[in-house]
Amino acid sequence: MNEHKSHLIWYPDHDLLLGDIVRAENCYLYDSRGKRYVDLESGVWCTSIGHSNKRILRTIAEQSSRIMHNGFNYSNELVEEAARGILSLLGLDGGRCVFLCSGSEAVEFGVRVAQSVIKQPLLMTMTDSYCGAYGSASRKQKDEWFCFDWMTCATCPYEEECREHCQHWADIPYENIGGFLFEPGSSSGLVRFPPEKLIRNIAALIRKNGGLVLVNEVTTGIGRTGLWFGHQHYGISPDIVALGKSIGNGYPVSVTAFAPGVIEQLGEKPLKYAQSHQNDPLGAAIALEVMAVIKDEGLIERSKGIASLLLSGLTGISERTGLIKEIRSRGLMVAIEFKDDSETSFTIRVHRELVHRGYILGRRPGVNVLRLDPSLTIDREDVGDFLEAFMAVLIQTDG
Ligand SMILES: Cc1ncc(COP(=O)(O)O)c(C=O)c1O
């Protein structure tokens, strides 16, 4: 694809390496000439139960023949059922949900609600969090946000309590912070997982001051990290959760879910937010079916086996080639960081050759990291074939 001949606006600096993709099935993409690619990225980390999943296609056909869209002031029992299902999965029974269209929108909705109920002026998040394409959390302006750089905490020597020993921790202006927006695995292309004790300590202190814990599960949610939700690795219970990507398996639906306590705090003044596709039946039907497919087919359990196969293969390749600095992974959210490649040319060449051989991985311009977020439905054979190809490409590129 030649970017200069296109009539579309593209995100800058990304390689447009694929041919004209005309068909997709489970983890495979096919171009117009019939070439097959193994999609190890799941689009933009969305198709967790595989492209063109038959049950989702059936749901789309059946629901859209009944009703896709209605005004956001009309009720629909199926949308209620989907909301109950999501709240129950999150352990937020008795709370409320809103169905929206994108991850950015779900995060922003949660942030606006939080800002409308907290008493303190600031919300806190991590410096490396990606919170969406627009909105308060994406801008992270100083009068609304305190951003915490947790990198030194990654190697913290203390066992449990943060506050007693650490200046870094003591510098957090807790008295001004009314909520903590946590991304349980940074998806900003680098894939880093903050330490459990740090997050538990922050959440506990925020709560003690009457603040809210918001979790951005847009990428980590719905089985991506080997549990239903990324925050379950941290033993924290959120007040507000944003879901996107996998909940629609490629269809643009997202959700913001609220604990009953937040709904109580909102009281008679719910957020005034009107959007044409808010609580649309089609998106809700898809979300409901995605959850059912994952449960019925035991896909989260299955993905753990695939994840350990992938990780042990990558670890072996790292030991044999000496070219990999670090592999960071949780479930099927995986990043491979290469050694000493400040110009990132090695990463670019490896990425291009893998695409040429039919394997699609994620690459963010400017960082020496390749990323894998395959569907939970990927076959073991495809993982094995990829590992073989990856080893060969590393040796070829290094030589
Ligand atoms: C953690 C996280 N939050 C929010 C978003 C924004 O979601 P969307 O691109 O659907 O607006 C993304 C997208 O990559 C994400 O990874």
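Me: Which residues are closest to the ligand, and how many surround it?

Reply: First, a word on the source. This is a predicted model, where local features need pLDDT of at least 70, side-chain atom pairs count only at pLDDT 80 or more, and totals for chains, interfaces and linings use all residues. Residues are numbered from 1 along each chain as its sequence is written. Now the ligand: 15 residues surround it, and the closest are Ser102, Gly103, Ser104, Ser187 and Val218. A residue counts as near if its C-beta atom, placed from the backbone, lies within 6 Å of the molecule.

Me: What makes up the shell around the ligand, by class?

Reply: Six residues are nonpolar, eight polar and one charged. Ala, Val, Leu, Ile, Met, Phe, Trp, Tyr, Cys and Pro count as nonpolar; Asp, Glu, Lys and Arg count as charged; the others, Gly among them, count as polar. Helix α4 (residues 103-117) gives the most to this shell, with three residues. Helices (H or I, at least four residues) and strands (E, at least two) are DSSP runs, numbered from the N terminus.

Me: Why is valine 191 called buried?

Reply: Buried requires 20 or more other C-beta atoms within 10 Å of the residue's own; exposed means 12 or fewer, and partly exposed lies in between, with C-beta atoms placed from the backbone. Valine 191 has 24 such neighbours inside 10 Å, so it counts as buried. Valine 191 sits in the loop between β7 (177-182) and α7 (196-208).

Me: What makes the phi of valine 191 worth a remark?

Reply: Most residues other than glycine have a negative phi. Valine 191 is not a glycine, yet its phi is positive, about 60°. Asparagine 279 also has a positive phi, near 60°.

Me: Is asparagine 279 buried or exposed, and how do you know?

Reply: Asparagine 279 has 23 other C-beta atoms within 10 Å, so it is buried. It is found in the loop between α8 and α9.

Me: Why is glutamine 275 called partly exposed?

Reply: Glutamine 275 has 14 C-beta neighbours inside 10 Å, so it counts as partly exposed. Glutamine 275 is in the loop between α8 (260-266) and α9.

Me: How many residues has the largest nonpolar core, and what makes it a core?

Reply: It has 97 residues. A nonpolar core is a set of buried Ala, Val, Leu, Ile, Met, Phe, Trp, Tyr and Cys residues joined through C-beta atoms within 7 Å. Ile86, Phe180 and Val255 are among those with the most contacts inside it. Helix α9 (residues 281-296) gives the most to this core, with ten residues.

Me: How do you know which residues are in contact with valine 255?

Reply: Contact means that two C-beta atoms, placed from the backbone, lie within 7 Å. Leaving aside neighbours within four places in sequence, the partners of valine 255 include Ile86, Cys97, Phe99 and Ala287.

Me: What makes β1 and β13 edge strands?

Reply: Four strands form an open, mixed sheet in the order β1-β2-β3-β13. The edge strands β1 (21-25) and β13 (359-360) each pair on one side only. Pairing needs at least two DSSP bridges between two strands. β1 and β2 (residues 28-31) are joined by four bridges and run antiparallel.
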